[in-house]
Amino acid sequence: MRKVFVLEGRARIVSELQWQFEGEVDWQIRGFSAELDLFQHVLRENSDEFLVILDLNAGKQVCLQFLQRFMGSRGSFPVIVFSEDPKLNLEWALRELGVFHLQLGNLEPERIAKICRWHFDLQTPEQSSHLQMDQ
């Protein structure tokens, strides 16, 4: 099961992604409104099976708190950050905290879904065996 966990104030990203993955049974999209709830949930999951999307509209402080907890946790997992502010001045700080993709400006659910698919396609055993054979 491919899982996408979204921290946001309202369920806009969750509903858009559910629509993007409609009909694909191996995807689970789940929203969280509290940073601590999300963090506790991801600690119970296998880090190879999920990624996290943080909506900065839920609050920069809340998202930074999550990233600080994430950096101190024993596992690592991919994090995407969405911000409606196209001039976000936190890009390098967010990357230092482990963010692998920033989506700035308008919400582009197709693009976010494509990045999610790309990430999970890299995680499949078939892909990794091809990489090992090429070396």
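Tutor: Let's start with burial: in this predicted model, 40% of the 135 residues of the protein count as buried.

Student: What makes Cys 63 buried?

Tutor: The cut-off for buried is under 20% relative accessible area. Cys 63 has a relative accessible area of 1%, so Cys 63 counts as buried.

Student: And why is Cys 116 called buried?

Tutor: Cys 116 sits at 0% relative accessibility, which is under 20%, so the label buried applies.

Student: Now the fold. What is the order of the elements?

Tutor: From the N terminus on, they run β-α-β-α-β-α-β-α-β-α-α, with six helices and five strands in the protein.

Student: What makes strand 4 and strand 5 a pair?

Tutor: Pairing takes at least two bridges. Five bridges join strand 4 (residues 79-83) to strand 5 (residues 99-104), so the two strands pair. They run parallel, and Ile 80 stands opposite His 101 in strand 5.

Student: Why is the unit of strand 4, helix 4 and strand 5 called right-handed?

Tutor: Point the strands away from you: a clockwise path from the first strand over the helix to the second is right-handed. Strand 4, helix 4 (residues 91-96) and strand 5 make a right-handed β-α-β unit, so their path runs clockwise in that view.

Definitions and conventions
Residues are numbered from 1 along each chain as its sequence is written. This is a predicted model: local features need pLDDT of at least 70, side-chain atom pairs count only at pLDDT 80 or more; totals for chains, interfaces and linings use all residues. Side-chain values use heavy atoms; hydrogens and water are left out. Helices (H or I, at least four residues) and strands (E, at least two) are DSSP runs, numbered from the N terminus. Buried means under 20% relative accessible area, exposed over 50%, partly exposed in between (1.4 Å probe, protein chains only).
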